[in-house]
Amino acid sequence: MPPQTKPEPAEMMPMTDARLLDRLAAIVGSSGLVTGDELRGRSANWTRPAEPCAALALVRPRDTAETSAVLAVCHAAGVSVVPRGGATGLVDGTLCAPDEITLSTERMTGIEPVDPLGMTVVVGTGATIESVQDAAASSGLFFPLDLGARGSATIGGAISTNAGGLRVLRYGMMREMVLGLEAVLADGTVVSSMRPLIKNNTGLDLKQLFVGTEGTMGIVTRAVLRLRPEPAGYATALIACPGVDDGARVLRAAQSAFQGRVSSFEGLWPDFYRLMTAPGRATPPLGHDYPFYAIIEVECVSEESDRFLGLLEGLMGEGTILDAAIASSEEQRRGMWRIRDRVEHLNADGIERAFDVSVPLAKMDGYVRGALDRLAAIPGCRAVVYGHIGDNNLHWNTTRLDAAGNAAIDAAIYEPLAALNGSVSAEHGIGLEKRAKLKLSRSPEEIAVMRLVKRALDPDNRLNPGKIF
């Protein structure tokens, strides 16, 4: 770990808003500072499109040095800073108060040339996931992280929430894709650990302090990302099963047959499947009367397609699979994924409250059945469930009710998780939305240790205050 660097000390005295903005503009340039009506024209975040950003100002540094200088000035002025990437988060992690500065990474979008031998790339954290995917593909490589918001979600946002997405089963969470990073602490100190090494056992892995902590420990400005060889091809099928446990048996059989090359196993419960394949939406490859559906995708060469077919036929003969449709072209494959990905249809139907939880696979069926019964008993509530069940992650979407109705929905989804050893957040983070629910998944001792680490790095609680803890 190189020595930590720190900007020159700023004057430690109260500062008027006008003077603070002048000093910030001197660092990032007039085009790098957004205030007034222009700032109010930006939404608070993706889930609050009609609510304007409430911050005192939005600052757009170009690089690590400018980020360090901005944080040093804000620290000296006693002003809190809220980091902002693509603003596609779902837990209000980027909401600002009127006396706070929001720091956007939107100008830190650089992507350095890919290292084709080491299979790495260095990127600015304002780069979108899709742009990194494209850069990797141009070198015959593959960046595995994939989200529905790939065109707007940023690498920094993915690091801050330890994003997962559609390929966690094979490649892991964002944490597994970050080899090194550069972060700026609340007082402007730069911590740089940009080594492109898979193995580096030299004490505490400091980069992990900034992965999944939602900008509360430091603001990540650059990262070294691990790339993979581009898959030679895919075998993809939509299957119907008698239940979740049967789906889990299909997953286990496929993992064994293809030696861990199952990249996705997405569970779709009947109400979700019917909604996503309603007239005018995705074409349903299977009928609507089965108890459980799943999209299974295996990375394989074309010569292995017969083995994939044989696996599914064998499981059908046992009754583990009731029906199956195998994609015979890339268009058919994309059509199957549209059933899973086009979640904007949920919003169009007024099913707009989003939840993501984790449940042990052996307990998933009972949990879902119980939660659906509890949700059905709430007047006006409509709910659907789907998710990355191969890695324990369920997504719920429900209607938005009044305060009492929303509280009842929260209780139906969240409260059983403690007894099941589950998690209130699989990949979206905690932010403000789930702060009160954290105790269902973390013990008082764990929360106390997290707060201790926060105080060590940010004793004045200036970075994204009020989030998570």
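Two strands are taken to pair if DSSP finds at least two bridges between them, and strands (E, at least two residues) and helices (H or I, at least four residues) are DSSP runs numbered from the N terminus. The model is predicted, so that local features need pLDDT of at least 70 and side-chain atom pairs count only at pLDDT 80 or more, while totals for chains, interfaces and linings use all residues. Residues are numbered from 1 along each chain as its sequence is written, and side-chain values use heavy atoms, with hydrogens and water left out.

**View A. Pairing of strands β13 and β15.** Tyr234 stands opposite Glu299 in β15, and β13 (residues 234-241) pairs with β15 (residues 292-299) in the antiparallel sense over 8 bridges.

View B. The 7 strands follow the order β16-β13-β15-β14-β18-β19-β17 with antiparallel pairing, and the edge strands, each pairing on one side only, are β16 (323-326) and β17 (353-358). Helix α7 (residues 244-257) packs on the sheet and touches β13, β14 (262-268) and β15, its direction making about 170° with that of β14. Contact means heavy atoms within 4.5 Å, and axes are lines fitted to C-alpha atoms, for helices over the stretch in contact, with angles running from 0 to 180 degrees between N-to-C directions.

**View C. Lining of the second largest pocket.** Helix α15 (residues 444-457) gives the most to this lining, with 3 residues. The lining residues divide into 14 nonpolar, 16 polar and 5 charged, where Ala, Val, Leu, Ile, Met, Phe, Trp, Tyr, Cys and Pro count as nonpolar, Asp, Glu, Lys and Arg as charged, and the others, Gly among them, as polar.
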